[in-house]
Amino acid sequence: MSHEAFEPETPHLDFEGTTPYEDYVRADVLTHLQHTLSDDPGEMVFLVTTQVMELWFTVIVHEWETAANALRGDDVPTAIDALKRSVRELEALNASWKPLGQLTPAQFNAYRGALGEGSGFQSAMYRRLEFLLGDKSASMLVPHRGAPRAHAELEKALHEPSLYDEVLRFLARHGHAIPEDVLRRDVSRRYEPSPEVEAVWTAVYSGDERDETARLGEALTDVAELVWRWRNDHLVATRRAMGAKAGTGGSAGVAWLEKRARKNVFPELWTARSHV
């Protein structure tokens with residue numbers, strides 16, 4: 001038997017500088033971004049969980065921008081692939097509520113003061129995510145005036161077509177009766193439901209469910225459902241942790257989240273089902 005058979009299999013351990021893993025992942029940066037501001041041990045969980053959420057927002061924004069770009073080029077398979085990836089990522093994002101979802105008021109109050117005026121609605125990446133869904137508002141740029149890069153990225157996103165705008169433009173190019181006022185609308189404003197768009201989706205869903213457009217509709221509906229679940233999980237976690245008190249950063253807290261949770265993403269995809 002050869003000598004090599006007895007040699008243990010070991011990975012390459014000796015590197016001149018940092019490891020290739022560190023060079024790619026930047027783990028040392030990620031794991032040293034946590035600077036707690038209270039003595040409560042629960043604050044670390046809150047801080048890391050919200051940072052993880054920010055990373056998932058970043059990935060999901062990338063997927064939806066990929067889908068929107070693909071639809072501009074009539075590349076539906078690439079758009080559907082990106083949407084399907086984002087569904088798995090949304091499931092992981094929603095699971096981020098698990099560590100925070102059962103906080104008692106006393107547990108949250110133990111480090112709530114460390115947040116100061118900080119609030120989730122101030123997240124620039126989450127705002128980009130909402131803009132891609134068609135929920136536009138120029139006033140939501142105001143909190144970011146002191147951060148030039150974030151403000152510029154949000155202003156650009158505000159004036160670009162949303163993911164749903166690109167879907168509707170795709171439908172129009174392929175012979176569906178999307179009204180001109182929808183196609184030419186001011187994309188910097190919040191999308192409002194259209195009876196004519198509802199009729200288009202009704203026709204799509206009344207046809208062959210294996211059709212490419214029907215499959216695109218279902219991929220969008222999967223996204224919409226998980227966004228709704230995210231908003232509801234946020235609402236429930238906040239209600240458990242602080243009841244009906246005003247939120248951090250001057251927000252209305254639970255009242256504001258309740259209003260958000262009642263809104264459907266891609267609304268005609270839901271209402272059209274009543275007519276099929």
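Me: How are helices and strands defined, and how many of each does the protein chain have?
Reply: Helices (H or I, at least four residues) and strands (E, at least two) are DSSP runs, numbered from the N terminus. Read along the sequence, the pattern is α-α-α-α-α-α-α-α-α-α-α-α-α. This is a predicted model, in which local features need pLDDT of at least 70, side-chain atom pairs count only at pLDDT 80 or more, and totals for chains, interfaces and linings use all residues. Residues are numbered from 1 along each chain as its sequence is written, and side-chain values use heavy atoms, with hydrogens and water left out. The secondary structure comes to 13 helices and 0 strands.

Me: What percentage of the residues in the protein chain is buried?
Reply: Buried means under 20% relative accessible area (1.4 Å probe, protein chains only). The protein chain has 276 residues, and its C-alpha trace spans about 70 × 65 × 35 Å along the principal axes. The buried share is 41%.

Me: Among contacts between residues at least 6 apart in sequence, what share joins residues at least 24 apart?
Reply: A contact means heavy atoms within 4.5 Å. Counting those between residues at least 6 apart in sequence, the share that joins residues at least 24 apart is 71%.

Me: Which element gives the largest share of the lining of the largest pocket?
Reply: A pocket is an open set of points on a 1 Å grid over the protein atoms alone, where a 1.4 Å probe fits, with protein on both sides within 12 Å along at least five of seven lines; lining residues have an atom within 4 Å of a point. Elements giving two or more residues to this lining are α3 (42-72), α6 (124-132), α11 (212-242) and α12 (254-261). The largest share, 8 residues, comes from α3.

Conventions
Buried < 20%, exposed > 50% of the residue type's maximum accessible area, 1.4 Å probe, protein only.
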